[in-house]
Number of protein chains: 2
Amino acid sequence: MPRSLKPVSALPRTTLTEAAFEQLIAYVVKGTWKAGDRLPPERELCQQFGIARTSLREALKAMELVGMLDSRVGDGTFVCPRSEFLSRPLLWAFTGTDHEELAEIMEARALVEENLAGLAAERASEEEIARIKEAITQMSNAISAGTSILEADMNFHLAVAAAAHNDVLRNAVQLLRNITRQWLKYKVQMPNVAASVLSRHEAIYRAIASRRPSAARRAMRKHLEETQQLVIQVVKKHGGSREPSPYV
Amino acid sequence: MPRSLKPVSALPRTTLTEAAFEQLIAYVVKGTWKAGDRLPPERELCQQFGIARTSLREALKAMELVGMLDSRVGDGTFVCPRSEFLSRPLLWAFTGTDHEELAEIMEARALVEENLAGLAAERASEEEIARIKEAITQMSNAISAGTSILEADMNFHLAVAAAAHNDVLRNAVQLLRNITRQWLKYKVQMPNVAASVLSRHEAIYRAIASRRPSAARRAMRKHLEETQQLVIQVVKKHGGSREPSPYV
DNA sequence: ACGTATTTGTTCGTATGTATC
DNA sequence: GGATACATACGAACAAATACG
């Protein structure tokens with residue numbers, strides 16, 4: 001009998017904690033437990049799962065650390081919104097990485113969003129186009145009111161991504177934007193930037209609404225190239241030092 | 001004194017487990033512990049950290065969940081290669097949406113790889129071009145030997161991605177390819193497919209080696225469109241049933 | 001081939017601090 | 001203020017799997 005190879009990561013590695021993972025992840029991801037829902041107390045859950053509380057806690061804690069759950073003493077354990085646990089783990093992967101990888105992230109974002117804009121021009125429903133316009137109105141209002149346009153900016157780009165009808169890429173964009181959010185925050189506070197962003201968004205919107213994919217791509221590309229330039233300025237100004245806690 | 005607001009996700013929520021978790025991440029990400037390294041035993045580590053073994057274990061389990069560490073009973077805990085710990089969290093994002101998911105993943109992959117091929121034609125070093133050629137030779141040998149071309153196929157696309165000099169996108173490609181690996185496996189077993197793939201790869205290689213970005217993009221696009229068609233056939237044939245354990 | 005040491009897996013009991021009602 | 005519910009944390013012990021002489 002040939003000596004069996006040692007599996008690098010064994011498939012049937014079925015520890016109790018891991019089994020609890022799969023259960024918990026399934027509940028969260030499939031939506032049995034929705035965002036904001038409160039889980040049964042640890043002492044109940046471990047009875048349901050038929051494992052000791054310590055084992056369950058390891059799974060529960062792990063889920064909390066990756067951003068799927070949030071437990072508060074004296075209160076309970078709650079399900080986090082999807083965007084949380086999508087952005088956190090990837091954040092860690094880029095933790096040690098500063099200047100060069102910021103450029104890479106921006107490039108990746110520009111590349112994906114450019115293509116999404118093109119797809120959106122081909123595939124967007126009327127409703128989705130309306131939602132893009134809403135984001136523009138929201139930004140316009142924010143400028144009038146003198147408040148931050150950061151949220152409206154995010155909404156615009158996510159609306160475009162949604163209109164492209166590809167959830168994989170939409171998630172990727174959301175991810176990359178979350179990572180760069182720190183720097184974008186500074187960017188949109190710079191003088192005259194808000195108005196410029198608004199007009200770029202309007203150009204992109206017009207191209208999508210009138211079903212001109214290549215125009216939409218060009219407009220998005222131009223917009224993100226400008227953003228890239230501004231962010232580089234911002235990073236230089238703020239010393240490029242990463243803020244300690246991006247988990248907001 | 002005004003009653004303090006309850007923070008939705010507290011920033012300085014400093015539990016011992018969380019502190020240990022951040023330490024562990026830092027060690028892995030900064031490279032203090034490299035891929036394949038073995039960690040000190042739990043009982044030593046928890047002394048170093050000054051916490052109980054239970055608390056440390058919760059952090060270790062979280063690391064394992066995101067794919068940064070791998071614990072084996074009787075052996076020890078080891079650091080996983082970097083490529084591993086990017087795939088799990090993204091997998092969760094996709095498990096919620098099943099139906100058109102495969103098509104979306106393929107589309108995303110095609111889109112990213114098309115652009116990477118273009119970038120590779122602009123940026124590849126001689127060494128990187130040589131590595132692409134190596135992958136082609138490897139596939140040629142595999143065909144002659146009658147063995148699977150799956151590995152050579154992966155190597156080729158990763159070599160192209162590496163030559164594009166954007167680690168973020170390279171990781172994304174690796175991720176998406178890992179996810180579709182199940183289906184690609186069937187594809188490359190179909191008759192005549194291997195030879196066809198090889199000639200497509202050669203075309204892409206020539207375009208990159210001769211620094212023609214748009215030709216490289218076209219060639220990659222064509223190749224992946226063919227792949228997409230074949231995979232759709234394969235899925236129909238195999239019933240499209242998802243295999244149970246994507247955590248490979 | 002066997003046995004022992006090492007290491008993770010699992011459980012229980014207990015004490016403490018905090019939030020909610 | 002008091003009672004209750006809950007998470008946080010520690011330590012000790014045994015089981016099971018693996019590595020190595």
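**Close-ups of a protein–DNA model**

**View 1. B:Val73 against DNA strand D.** A backbone N or O atom of B:Val73 sits 3.3 Å from a sugar or linking oxygen of DNA strand D, a polar contact, meaning a pair of N or O atoms within 3.5 Å (within protein, one must be able to donate a hydrogen and the other to accept it, and residues adjacent in sequence count only if both atoms are side-chain atoms). Next along, a backbone N or O atom of B:Gly74 lies 3.4 Å from a base oxygen of DNA strand D. A housekeeping note: this is a predicted model, where local features need pLDDT of at least 70, side-chain atom pairs count only at pLDDT 80 or more, and totals for chains, interfaces and linings use all residues. Residues are numbered from 1 along each chain as its sequence is written, chains are lettered from A and ligands numbered from 1 in the order in which they are written, and side-chain values use heavy atoms, with hydrogens and water left out.

**View 2. The surroundings of DNA strand D.** There are 23 residues around DNA strand D, with A:Arg53, A:Val73, B:Leu16, B:Ser55 and B:Val73 the closest; a residue counts as near if one of its heavy atoms lies within 4 Å.

View 3. The side chain of B:Arg53 has an N or O atom 3.0 Å from a base nitrogen of DNA strand C. For DNA strand D, a base nitrogen is 3.3 Å from an N or O atom in the B:Arg53 side chain.

**View 4. Phosphate contacts on DNA strand C.** A:Leu16 places a backbone N or O atom 2.6 Å from a phosphate oxygen of DNA strand C. B:Arg57 uses a polar side-chain atom, 3.0 Å from a phosphate oxygen of DNA strand C. Both residues are among those that come nearest, out of 24 around DNA strand C.

View 5. Chain A is assigned domain 1 (13-80) and domain 2 (86-238), with bounds from an automatic or database domain assignment. Their C-alpha centres are 34 Å apart.
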